[in-house]
Amino acid sequence: MILVFRHLYLFLDSFSFLLLSALGLSIIYGMMGIINQAHGEFIMLGAYFTSLLSVALHIPFIISIFLGAILTGFLGLLLDRTIICRLYSRPLDSIVVTWGISLILSQGIRIILGNSVESISTPLGSFTIGNEKFSTYRMVLVAVAVITLMVVYYIFNHTEFGLKARATMQRSDIAKSLGVNTDKMYAATFFIGSFLAGLTGGLYSPTMMVVPTMGTSFNMQAFVTVIVGGSNPILGSFLSSALLGIVNSELSGWAGSFAGQIGLLIMAIIFIRICPLGVSGLVDRLKAVRR
Amino acid sequence: MKDKSKALLTSENIIFVVLLLLGLVLPTFTNAYRLSQYSYYYSMTILALSITLVWGYAGIFSFGQAAFMGLGAYIYGILSIAAGRDGFNIFALLIAVVIMMALGAALAYFMFYGGVNDVFVGLITMCFGIALQTFMGQTAGEEWQVLGVRLGGYNGLTGIPKISLFGFKLGDVAFYFFTFIILILVYAAIRYSKITNAGYSLTAIRENRSRSELFGFDVPKIQVIVFAISTGLAALAGVLYSVWGSYIAPDNLSMTQSTIPVVIVASGGRKNPTATVLFAILYYFLSGKLAASGSSLNYIILGAILIVVLLFIPEGLFSTLFSKMDKYILRRA
Amino acid sequence: MKKLSKRLFAAAMMTTLVSFSVAGCGGASSDDLPKVQGATRDSSIQDADGVIKIGIMEDLTGECALLGVQKVHAYQKAIDEINEAGGIDGMPVEIDLVDACSDNTKYQELSRKLILEDKCDVVMGCATSASREAVRPIFEDNNAILFYNNQYEGGVASHNVFCTGLVPEQQVVPLVPTMMETYGKKVYILAADYNFGQITALWFEQEVENNGGEIVGTEFVPMGTTQFSSTITKIQDAAPDILVVLAAGSSQTTFFEQWSTSGIKGLPMMTTVNIAQMYEHLQFDPPALANMHVVANYVMELETEDAKAFTEKMKNAFPDDAYFGMEAAASYEGINLYAKAVENAKTTETEAVIAALEEGITLEHMPSGTITMNGDTHHVTKDLVMIRCDETHELHFDANYSQVAPDWISKTLGINIKESAPNKQYTPLDTN
């Protein structure tokens, strides 16, 4: 029993980390075709905003996370309107430009706010099963990850905005001719993507050291999850986080963190080779076969 | 005849000839230290050229170039240290390049014959690079030996020996010319290849894969060949780099190190090797100066330059400069 | 609109080209600055350009900047003090500061620049072992002096490198028996998966076995790891009496936060870096570092007269700095050791300065008290304390070790750098 729970706990922990790291990146990539190299830095910004709001201004932690995510979202929006919007038709150049942005963000934060800021310590303590202890906050993160995914799913599948956004993603020219303001859709998507990155940063800020370079530690996992997830950002992120969560937690538990990391990368390479469209592509294909 | 000579008289060629002459006389008016810096810039320029070839010409986006470079350097380092004879080192260089070409071909076969293309090639090469870096980073233990040479983990492989030619060990000046000549050869080969049939087929593949296939090009085969050559060039750059610093470490294989040459190629002018050469040398020169100034604005200035260049000069700084100069100074369309 | 974009384009082009050329000239002109003259006449010291130029090569950017800034400030303070007192025997000291950007290739590039172009008389710098190993051959080939003022895994035996930071025989050897007597014999090692972590882990293994203990588990974590749930469950499984944590870099220190919130309380921990280097006890809220033990020469909270004096003057000089740890102290001591050596040698010529350092300079009233450069090993003998961090993150100084010598290279390996320098780094594996 305890053994089962431990595996479950490690899997859920890994799953939520991958999902939260990747969701923002995945939405921006899936909807706009832009690989945002500054994604990790947006996560870092979210952590900074949250920590500053909660520690310096004594705003309750939950509200700080939300405000931090909104601030990050607006910063993303600003960058989109000033810089990224000029690159919609040049996805490869966007890699270079967003990399430049990431350099400026992480060093700029270091110059403005110093080498690290104080963050609040992890809330909620721990719970015990058998004679082993587990962090409660980490399980809360799992719940938050799932709720976030559901909200995003609702927005993109059951609102008018979502309909227009998906139309823009699939055929921007036709969407445009039908009166959808595609530019506005892209801007909104970038806002949501940055918001989610900021949210992730805020959520993980109590569990990590908040430093300007913390963003890079999310990048690898986020990219791999997006790769394996494939073209459909929401379904893909969910399925690939689940799949990679199992691989990562089992390998790390069995042979250490090194094996876990290498396992993720090898999974990604094999996956692209077998089905370049990712897990969501596989699901789409299965659906097509059924019909 | 006159037309032909006129066609050669472009601002790109003029600037290149000026640079070539400057490069040749540089050792007469600079010190040993600066000369050795240029050897380093030149080896990194070769790395950037490998991306011009694979991305600018053939449209294959590789994000693992630093990993190929680093692995090439590791192979050279292991072979030359294990052999322990100066005369052997030039062969170690060749072996490293050949092994890496074979590895590049194998990876390319795995990708292109499996129908992997576009951004996914970038992602596979990126994962390959990170996996390799993570792996090399944990080889500090005694059990990680190849041919009796300890891989050294995160601290890397140190004491990599210099290259000798005809029993003569290449010191600062000689090594400068060695890298300079290799750079010029690589550059010339890449420029020349553009006007050969092979070059035309690369352009065809870049512009439209499926149409090229319909015209009878064996697209995956050409992709494999060009990817292997580019991997070999990256390895060559790695060997020169490791000889320059007598050192190679997992850090040199990182994602950032792979991104920098891509950034250089994109900002200088993707389809133009001359632009790549110019921008690469300027980039490394500038980044060295910024670091030496001790200011913490280093990355901010570099980042800002990249953004400005790509936003307002999408074809690349030097590519655009060449065509503007042709138009306004040489009065040519 | 067209016109505007054209103008923007031209502006962009200009800015880029200008910034390139400015950067180019900026570097060149500062090299040609007239050197301070005049002071030379009163000084008995021989130096070609009449000023003692100290190259400072640390990380002001990137992953390691957290440490680089405190070290640079300590260098500045030490040099300011020397200049206020009229220089080294009347000769002024000049700083040549460069930013290595936490990038080992930059370290190599800058070492050559400092030695060959700027003609620095000595270079102080390097943070990680990887950066030191990257530049060590450059100093050896060009016969220049490098002061490595940083705690590390030990074993460097080079004619040209002087290490003023602590090494395992000063930290691990005294700590392990004290800890095992108090807490028990079962030890679990969690270490960063690179040379520092692996070699220091070997030291811990060796000492635990020498003291009759048992290693119940070892895990090496890749650099940059931030998620430790599986690691934590594994430690719980092994149920050790003492946990060794050798976390490196700001990402890995995240372990402490996740460890403390996992609810496992009070397991004694020991390390060689945390608290004294990157002040994790102030960066994390209590009780993340509860029951952590480390042996160090200086922390800001240390109450000895000399430590208090150093803390006081650093706080006055740099009121915005968050913390000064043992590397800041080592950096300050490095400058003073070099200054004393030049004073004794009466020249900045490399071999003469090395000979003066190898004679065994002793300085009093340094941040860690009385220190002595050990000529045989090029490392520094210091007074050490065992630091314990309690649940409220208050530091306690439970044990004192007086004048601990860094003598592993000479005693165990039988090397005397004074006589012949092997110019390599040794690890405990070399003793078998």
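In this predicted model, the count comes to 21 salt bridges over all chains. One of them joins Asp13(A) to Arg138(A), with the closest N and O atoms 2.7 Å apart. Because Asp13(A) belongs to helix α1 (residues 2-32) of chain A and Arg138(A) to helix α5 (residues 136-158) of chain A, the pair ties together parts that are 125 residues apart in sequence. Asp13(A) and Arg138(A) are both buried.

A further pair in chain A is formed by Arg81(A) and Asp183(A), whose side chains meet in a salt bridge at 3.8 Å, N to O. This pair also links distant parts of the chain, 102 residues apart: Arg81(A) is in helix α3 (residues 61-82) and Asp183(A) in helix α8 (residues 182-204). Arg81(A) is partly exposed, at 36% relative accessible area, and Asp183(A) is likewise partly exposed, at 36%.

In chain C, a salt bridge of 2.9 Å, N to O, connects Glu140(C) and Arg136(C). These residues are 4 apart in helix α5 (residues 129-141) of chain C, so about one helical turn separates them. Glu140(C) is buried at 17% relative accessible area, and Arg136(C) is buried at 6%. Both take part in a network of salt bridges that also links Arg132(C), Glu133(C) and Glu153(C).

Helix α10 (residues 219-245) of chain B has 27 residues and reaches 39 Å from its first C-alpha to its last, close to the 39 Å expected. Of the 27 residues in α10(B), 24 are buried. Ser246(B) follows α10(B) and has a positive phi, near 45 degrees.

Terms used: Residues are numbered from 1 along each chain as its sequence is written. Chains are lettered from A and ligands numbered from 1 in the order in which they are written. This is a predicted model: local features need pLDDT of at least 70, side-chain atom pairs count only at pLDDT 80 or more; totals for chains, interfaces and linings use all residues. Side-chain values use heavy atoms; hydrogens and water are left out. Helices (H or I, at least four residues) and strands (E, at least two) are DSSP runs, numbered from the N terminus. The expected span of a helix is 1.5 Å times one less than its number of residues. Buried means under 20% relative accessible area, exposed over 50%, partly exposed in between (1.4 Å probe, protein chains only). A salt bridge is a side-chain nitrogen of Lys or Arg within 4 Å of a carboxyl oxygen of Asp or Glu.
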